[in-house]
Amino acid sequence: MGKTETLQEGKERYKAGVIPYKKMGYWEPNYQPKDTDVIALFRITPQPGVDHEEAAAAVAGESSTATWTVVWTDRLTACELYRAKAYRSELVPNTGPGTKNEAQYFAYIAYDLDLFEEGSIANLTASIIGNVFGFKAVKALRLEDMRIPVAYLKTFQGPATGIVVERERLDKFGRPLLGATTKPKLGLSGRNYGRVVYEALKGGLDFVKDDENINSQPFMHWRDRFLYCMEAVNKACAATGEVKGHYLNVTAGTMDKMIERAEFAKSLGSTIIMIDLVIGYTAIQTMAVWARKNDMILHLHRAGNSTYSRQKNHGMNFRVICKWMRMAGVDHIHAGTVVGKLEGDPLMIRGFYDVLRETHNPKNLEHGIFFDQDWASLNKVMPVASGGIHAGQMHQLIHYLGEDVILQFGGGTIGHPMGIQAGATANRVALEAMILARNEGRDYLKEGPQILENAAKTCSPLKAALETWKDITFNYESTDTADFVPVATASA
């Protein structure tokens, strides 16, 4: 435990000029965070010659009340209360002296609840990530995790529908849901697009979806897409006797256009709409409020997140986005596959899924969760696994991701050699065979390939899928991995 270097309130503290952030009151190693404090954990790489505690204090100051020089107007406020307080800074494992990596530090910073507007992700983020990431005193900065107090969570709506009600509306229980993204995602006419949707749903999928960048382009106006997709959904529902849906992407250039598209989707009888992360936090919250009022499931595509979440030393961890989006009110979010083509360390993905689906997250450093987090009765978010997955990985997907998840096989459905409907059937049979094995108490992870092979004996679409993609894997080293890994120790 370090010691405070804060100058006492008075003439020296407010003398014109520049003093270190530690002396301004932003480094308080003896501070005990309150239950109502918002706590942020930053990974800081200080510039050469910058003390790590001073860097932590600078981040605390610049994300709350400080500026680069002393200002006497601080005395017109409850400044000691409103200053964010860096209270802990410790070396990140496997960095610094004796390692190949430059020194990085985990800095814990507490913020008084009065610093934030109730129910506003935009205001929260304007403080926490608004200005500090360009600060010259730090070489790199990453927001790793946050502890959101219950008092603040209670000011947010949370997911518009939630996992429980979504399953009730769809009348689907006891297994992951199945989906696919229409391919190619750009270029199809409305009629051909709708044909893909129908074939996939008729073959056994629960959902088909628009991709992130299909909005309203010259080759297919949004209204045409909505009409043909809902015609496909209704025909597939009638043919199968199941409730099905298509994620209609209402993302647009203005909020008025997004609301117009959402209202049209509702008028056609859609159960779900979709938005992209890039529309911004206020727009996301606005659409979540609309979805709650209109009994609509709200799917969020995490378009753009890897521009700031993938690198380990700068940006922010995706688990923070998961927390913010649960607060903002989305029902679905793409959260990684482990075995697919996109970034995803198994331990990190487990942490993301836990943040989205659990009512309480205990501290679990192995999964990247640094704080206990009570979710204050906010609905759960359904994670979506999408990107480079196929039927031959079904045992791995269920093992890593669990039951409350949507498994989206885009290329793994539409690229099937026997056609789209056969591709959907292959995925549905693979899923149901694996769920049956799990329910029978079998070791489905170990026996998975054999379970699929046996199911394929009476299902030619599954047999063709396994033959086509059996050797396809994406085994690249993850860039975002756990900093804390259990190590076996010798017994006494």
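Biologist: Hi! Where is Asn 379 found?

Modeller: Asn 379 sits in the loop between strand 13 (373-374) and strand 14 (382-386). Keep in mind that this is a predicted model.

Biologist: How many residues apart in sequence are Asn 379 and Ala 160?

Modeller: They are 219 residues apart in sequence, while in space the C-alpha to C-alpha distance is 7.8 Å.

Biologist: New topic, helices. At what angle do helix 9 and helix 10 pack?

Modeller: Helix 9 (residues 255-267) and helix 10 (residues 281-293) pack at about 30 degrees, and their axes are 11 Å apart. Angles under 35 degrees count as roughly parallel, so helix 9 is roughly parallel to helix 10. The crossing is right-handed.

Biologist: Which residues meet there?

Modeller: From helix 9, Met 255, Met 258, Ile 259, Ala 262, Glu 263 and Lys 266 meet Ala 283, Thr 286, Met 287 and Trp 290 of helix 10. The residues of this contact divide into 7 nonpolar, 1 polar and 2 charged.

Biologist: Last one: why does Thr 45 count as buried?

Modeller: Because its relative accessibility is 1%, and buried means under 20%. Thr 45 lies in strand 1 (residues 38-46). Beyond four places away in sequence, Thr 45 touches residues including Glu 102, Gln 104 and Lys 139.

Terms used:
Residues are numbered from 1 along each chain as its sequence is written. This is a predicted model: local features need pLDDT of at least 70, side-chain atom pairs count only at pLDDT 80 or more; totals for chains, interfaces and linings use all residues. Side-chain values use heavy atoms; hydrogens and water are left out. Helices (H or I, at least four residues) and strands (E, at least two) are DSSP runs, numbered from the N terminus. Buried means under 20% relative accessible area, exposed over 50%, partly exposed in between (1.4 Å probe, protein chains only). Contact means heavy atoms within 4.5 Å. Axes are lines fitted to C-alpha atoms, for helices over the stretch in contact, and angles run from 0 to 180 degrees between N-to-C directions. Angles under 35 degrees count as roughly parallel, over 145 as roughly antiparallel, 65 to 115 as roughly perpendicular and the rest as oblique. A crossing is left-handed if the near helix is turned anticlockwise from the far one by less than a right angle, and right-handed if clockwise. Ala, Val, Leu, Ile, Met, Phe, Trp, Tyr, Cys and Pro count as nonpolar, Asp, Glu, Lys and Arg as charged, and the others, Gly among them, as polar.
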